[in-house]
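I opened the notebook to record what I looked up. The entries follow the model shown here.

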Amino acid sequence: MSLKILSITLLLLSVCVCCHSSEDSAPPERNAPCCPAVTTIDMSPEVVGETYHELPARPPCVKAILFNTEYGQLCADPDAQWVKDLTAKMRKV
């Protein structure tokens, strides 16, 4: 009887480990940042760091340039002139 309980316990533990492992191997897009809207107002003084991310449009997300600021991430319009000027001085990640 105890061998049967041990076998069932090991089986359940294996299933739990498999399920937990598969959650970690989700595609990167699943946790990708999303910008539902962008700013066109010049926020360049707020930008910190020397890198930025380009985000594609994937509804409900819009095409955006993602900057880091002291207060969090900033979604900016890639067609805004201040964004073009700033990204020319930075490194794309």
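I started with threonine 39, which sits in the loop between α1 (2-24) and β1 (47-55). Helices (H or I, at least four residues) and strands (E, at least two) are DSSP runs, numbered from the N terminus. This is a predicted model: local features need pLDDT of at least 70, side-chain atom pairs count only at pLDDT 80 or more, and totals for chains, interfaces and linings use all residues. Residues are numbered from 1 along each chain as its sequence is written, and side-chain values use heavy atoms, with hydrogens and water left out.

Is threonine 39 buried or exposed? Threonine 39 counts as buried because its relative accessibility is 17%. The cut-offs are under 20% relative accessible area for buried, over 50% for exposed, and partly exposed in between (1.4 Å probe, protein chains only).

I then listed contacts (heavy atoms within 4.5 Å). Beyond neighbours within four places in sequence, threonine 39 touches Leu74, Cys75, Ala76, Asp77 and Trp82.

Next I checked isoleucine 41, also in the loop between α1 and β1. Isoleucine 41 is exposed, because its relative accessible area is 57%. Isoleucine 41 and valine 83 lie 9.6 Å apart, C-alpha to C-alpha, and 42 residues apart in sequence.

Last, I looked up nonpolar cores (buried Ala, Val, Leu, Ile, Met, Phe, Trp, Tyr and Cys residues joined through side-chain atoms within 4.5 Å). The largest has 11 residues, including Leu74, Ala76, Trp82 and Val83. At least two residues each come from β1, β2 (64-69), β3 (72-76) and α2 (81-88). α2 gives the most, with 3 residues. A second, separate core has 5 residues, among them Cys35 and Cys75.
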